[in-house]
Structures are given as C-alpha cells and as structure tokens.
Amino acid sequence: MEDKTLVPVAGNGLLPLGALNRRQLLTGLGAGALALPSAALAAGGRPSWMQGAGAGMRGYGTPSPAETVGRVAIASQPGTTGSGASRTPLAALEGTITPSGLHFERHHSGVPTIDPAAHRLHIHGLVEKPLAFSLEALDRYPLVTQLRFLECSGNSAVNLAAPEAPDLDVATLHGLVSQSEWVGVPLSVLLEEAGLKPGAAWVIAEGADAAAMSRSVPLAKALDDAIVALYQNGERLRPENGYPMRLFLPNYEGNMSVKWLRRLKVTDQPAMTKDETSKYTELMPDGRAAQFTFTMGVKSVITRPSKGYGLGAHGIYPITGLAWSGRGEIRRVEVSADGGRSWADAALEGPGGPGAMVRFRMPWHWQGQPATLVSRATDSTGARQPTREMLVQARGPQSLYHYNGQQRWQVSTAGDVRNSYV
Amino acid sequence: MFKRAVSPCLAGLLLAGAASALAAAPGAPGLGAPLTPEVLAGIELTVLPTGEGLPVGRGSVAQGAALYQQHCQACHGAEGQGGMNGDLVGGVGSLATATPKKTVTSYWPYATIAFDYIRRAMPYTAPGSLSADEVYAIVAYLLSRDGVVPKDAVLDAEALAAVKMPNAEGFYPGE
C-alpha cells in the first residue's frame, strides 16, 4: 500500500507537510536513528553530569558553554573600531525571536557608554513647548508592545551587486535582519505633549553616539506607529541596540530607527542628512537615485539547508526559513527544490501579524540528487518576492539597498550547499 | 527641487495622521521638563538644505587645505582620494556609468550636508572638536577639488547654502 506522506507535492522530492511528523517514515527511509554521542553513555549509562550536584544559580544566565554561536562577519571600517556591522547567525536559530545578544548591529561610530540617569530625549523645533524627557519619566508613560522585525536596507545587497554568486553563508548574506519584542512609549504621545505647530511635516532624529547619527522621519510615520523603545525582549535595550532608548519605526529600513535617541527636531522639511543622501539611496542605471524608500519589501530566505548547514545521510530533511514584509502580513511562502520549476506551499508558524516574521517549514526527501532550493513569500498586499533577475532588470546592480530577491541554494550530490544565481 | 515635489502629498498624510494620533493619550503623565534655549543651543546640530542651522563663521579653501592634511587625510587620502576610508571627491559625471563613484562632490545633493556631517561626526576620533570656521574651511577645500567652488572661495553660511552641487537634481522620491 502506498504511503501518501511519501508522494511528492512538487518536483525533486518536496513532501506533504505531514511528512516530518511521521516517525516511522524516518527510520523506514534510512534517515536513521542518529548516533548518540559516546559521552552520553559513559559511566554505565549515568553520564558525568548525573554523578554530582550541578552548578548553582546565577544573577544573569548565559548560553551553554557548548553553544558557540555568535554574531558573524563583524567588519569595521579600516582604522576604526565599532564602525561597521555584525550579523545575526540565522542558520543557528529557530523560531522567530532573535536573542537580544544576537541581534544584528550596525554602528557608525561605535557603541556609546551612556549614563542612563544623565541621558535626555529632547523634543524641539516646530512645537509649542520644547521638552526634555528622562528615562525615569518615560517609564511612567503608557507603554506599548510590538513584535517586529528590523532589517538594514543594505541587507543581502551583495547578492545584487556581485556579478557572480559569492560563496557566502546565510548570516553573511542576509543576517542584517532580526526580530524582537520592542516595548516603548508611542512617539505620538510625546509629540502631543510638546504640541505640534502648523507646518510640521518631518521629525529629524539624532542619536547620542559619537557620530550623532541622524535621519529624517515623515511626521505621518512618527504619529502612526513609531515608538521610543525602552525594552527589547523583556529587558532594557542592549547597549548595541540603543540603550537606554531608541526610536523604533516598524517596517522601515533599520537605519531610521535611530539608536541612543537624544534629539527629535520637528521641521517643515527633511534635513537631507548624510545617511539619507550619500547612503540609503538607490542609484539607478540612468544615474538618478531613489530617495526616501523607507518600507522594507516582502522577503524570505531558507536558513537551513544553507552553506555550512548541508546534508548528510539520505532521508527526509526539513527545509526551514524566515519570511517578513514591511507592507503587510506574510500570507504564503512557497518552496521549490528544482530551482523554481515547481513550487509547494510551506507551513507557516509563529505569532505573525503586521511587521512580524514568520517561520516556514517544508519536508524534503533527499536521496542524493542535486537540487536548487528556493523560497518566495507573498504578503497581504498580494506582493510576491521577486527573483534576482527581475530586480537587476528593474533597477540595475548599483541600487544596493532594499534588495529582496529570492535566495537560491545549490545542493550538490554530496550534500554541500552554496549560494547560487542559477 | 525635491523638497517642493514631496511636500503636497506629505501634507495630506499629515492631516490624517495628526487628527487620529492627537485625539487623546489616556494616562499620559505629562512629565516632559521645559527645554531651555540655553540647553538647546548647546545640543543643536541640524543643518537644513536651506542653510537654516548654519552657524556664524567662515573659512577659505587655503585654510581648509591645511586643516584637511591635519585632520582628514590619514583616513581619506591626500587631497580627498586614495585613503583607506572612502574617497571624498572625484567621480563627477560617473553616476550613470557601469562604475559609478559616489563622493561628496559627485553624489551629495547639497553642500549643507557636508557641513552638517563633518560638524556632527568628524574627525572620527574627535567629533565636535572642530570650530565652525574650520568646518567651513574643510568643506570649501573639498568642494574646490572638483571645481564646485573656486580655488579662492571663502564659505560662510550664506555662501555655503548658495552652492549648487553637481548632483543637486539627482534624487527623486522613491516608493
């Protein structure tokens, strides 16, 4: 009798969603019982850690010493420290929350050491009452909670700019995206307290880092869902994420969520700061550049299998990854094992919601055949993640920012995985 | 000019957003402390493309050349090019080619950006250490490298805001 869980739903071995839950299939197919590490069987079945009392409690926990995962591809500008980026190790993580210590970093002049008692958020410009807020004061305001992704608009750019697919892993390619639960004060409440004057149209945000990093935010966004975030994943912001307070603009390019927020100036025009002109603008083939392209587009990436996370014994494997969109909720993620010739719908997991990441999963029967794994997401606006070719055609390879092309992973007959454009 | 092109549509968004957001803030304790002009004067750094926010001061290309050697060239190279951190000049006219070179002179749409950025963030190891006169001078020197201002230029607030950058019309509002 044929077992329907083994009947592919798309080309090259994609299986129905229930296939991974069928334990008997795993053994039957020779994915096999994984060999137990020998240490676990030492001492006649009682391993060393069962032969005496364990460690005591700690004031602040840390990962197991056996877990060595960390942020990767830390790159500083030559001659500087702390100016550059570090990336979230996407392939090593599961679920949809990024641990705060693994949230990607992008700094322009290092991480400042801020005295929270001395720090103030100043609001001025086209307001009736210029105001200064202490952290202590902001903690007494009504707080709101937002589960949201944050993505640098330069994320994945190398896959657009490099003419040949660079042999890089998923963290290096796409690790400038993370997700946290952010808690903070709605910016609209603070602007209301200051009182907007006629003509107010933009809010110029500035950080308390050595670069005094600055971006212009449309007032409509500031009054909509912007918050002054004080907490990340339940605790105070980490220093590298803006301690003691940062601007957080859901769905917008990460650079605008100004960290170490110190000053908000309400104006009638954008300031045209360095980071919204010389950077974070998309140069088109005709030499002109698109500016103020704030919202992050619909995107997904397979995190496993991926480079460095290849396949061993033949059998059933999970294909999994993350999907997100700044324009709406993720409604669908499709996966292909044959380079996009045929597709099947992946299972979606996670709290989801507007501006939130979802986890997707798809069972795959790998029997040593070469494959090209691809995912493509569709959001609630109906927008579907484009291919690299479509984006190269539409905006050329120099546009760099807001690249959301489909990621293709080429799997060899040996089970190794590498980045691919074909 | 881009500012005018984008303003009308934003004004519409604004009215809608302001009406709803300003309706009420239940439980807001109103704890903002008055921000005095004296405190504000010490922290204000924003320079707008109109020149609003530029301080009193002036500096010449010649002064800027000396200051550049002292404060900038270690990272940005002799005469604004060839350093370990990004060329600041050159590349004018290259943006529509297969190898565009984005620099202050080739890409940045307003001269005010250079003043704003240098004053807030440079030199990397000692931001905030340059006087207004020195920032004007360094901007003048950089712009002179590609002929955006004459070799004998002296920049102050009025002159800087009046500078026409080569790529002033190069940006448009994206989606």
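**A colleague's note on a predicted two-chain model**

1. Let us start with one leucine. B:L40 has a relative accessibility of 18%, so this residue counts as buried. The model you are looking at is a predicted one. B:L40 sits in helix 2 of chain B, which covers residues 37-43. Once neighbours within four places in sequence are set aside, the contacts of B:L40 are A:H124 and B:L35.

2. A:H108 belongs to the loop between strand 3 (105-107) and strand 4 (120-125) of chain A. Is A:H108 buried or exposed? Its relative accessible area is 14%, and the cut-off for buried is under 20%, so A:H108 is buried. Leaving aside neighbours within four places in sequence, A:H108 touches A:S83, A:A211, A:M213, A:N255, A:K274, A:D275 and A:Y280, and also B:Y124 from chain B.

3. Now to a pair of helices in chain B. Two packed helices are described by the angle between their axes and by the distance between those axes. Here, helix 5 (residues 111-121) and helix 6 (residues 132-145) of chain B pack at about 130°, and their axes are 10 Å apart. The crossing of helix 5 of chain B past helix 6 of chain B is right-handed.

4. Which residues do the two helices bring together? From helix 5 of chain B come B:A111, B:A114, B:F115, B:I118 and B:R119, and they meet B:A132, B:V135, B:Y136, B:I138, B:V139, B:L142 and B:L143 of helix 6 of chain B. Sorted by class, this contact between helix 5 and helix 6 of chain B has 11 nonpolar residues, no polar ones and 1 charged residue.

5. Side chains of opposite charge can pair when their charged atoms come close. How many salt bridges does the structure hold? Over all chains, there are 27 salt bridges. One of them joins the side chains of A:R215 and A:E253, at 2.8 Å from N to O. This pair links distant parts of the chain, 38 residues apart: A:R215 is in strand 9 (residues 214-218) of chain A, while A:E253 is in the loop between strand 12 (246-248) and strand 13 (261-267) of chain A. Both A:R215 and A:E253 are buried.

6. Another salt bridge in chain A pairs A:D225 with A:K221, and their closest N and O atoms are 2.9 Å apart. A:D225, at 18% relative accessibility, counts as buried. A:K221 counts as buried as well, at 7% relative accessibility.

7. In chain B, B:R145 and B:E79 form a salt bridge with 3.0 Å between the closest N and O atoms. B:R145 lies in helix 6 of chain B and B:E79 in the loop between helix 4 (73-76) and helix 5 of chain B, so the pair ties together parts 66 residues apart in sequence. B:R145 is partly exposed, with 29% relative accessible area, and B:E79 is partly exposed with 42%.

8. Salt bridges with shared partners join A:E206, A:R263, A:K265, B:E44, B:D116 and B:R120 into one network.

Definitions and conventions
Residues numbered from 1 in each chain as written. Chains lettered and ligands numbered in written order. Predicted model: local features only at pLDDT ≥ 70, side-chain atom pairs only at ≥ 80, totals over all residues. Heavy atoms only, no water. Axes fitted to C-alpha atoms, helices over the stretch in contact; angles between N-to-C directions. Helix = DSSP H or I, 4+ residues; strand = E, 2+ residues; numbered from the N terminus. Left-handed = near helix turned anticlockwise from the far one by under 90°. Contact = heavy atoms within 4.5 Å. Nonpolar A, V, L, I, M, F, W, Y, C, P; charged D, E, K, R; others polar. Salt bridge = Lys/Arg side-chain N within 4 Å of Asp/Glu carboxyl O. Buried < 20%, exposed > 50% of the residue type's maximum accessible area, 1.4 Å probe, protein only.
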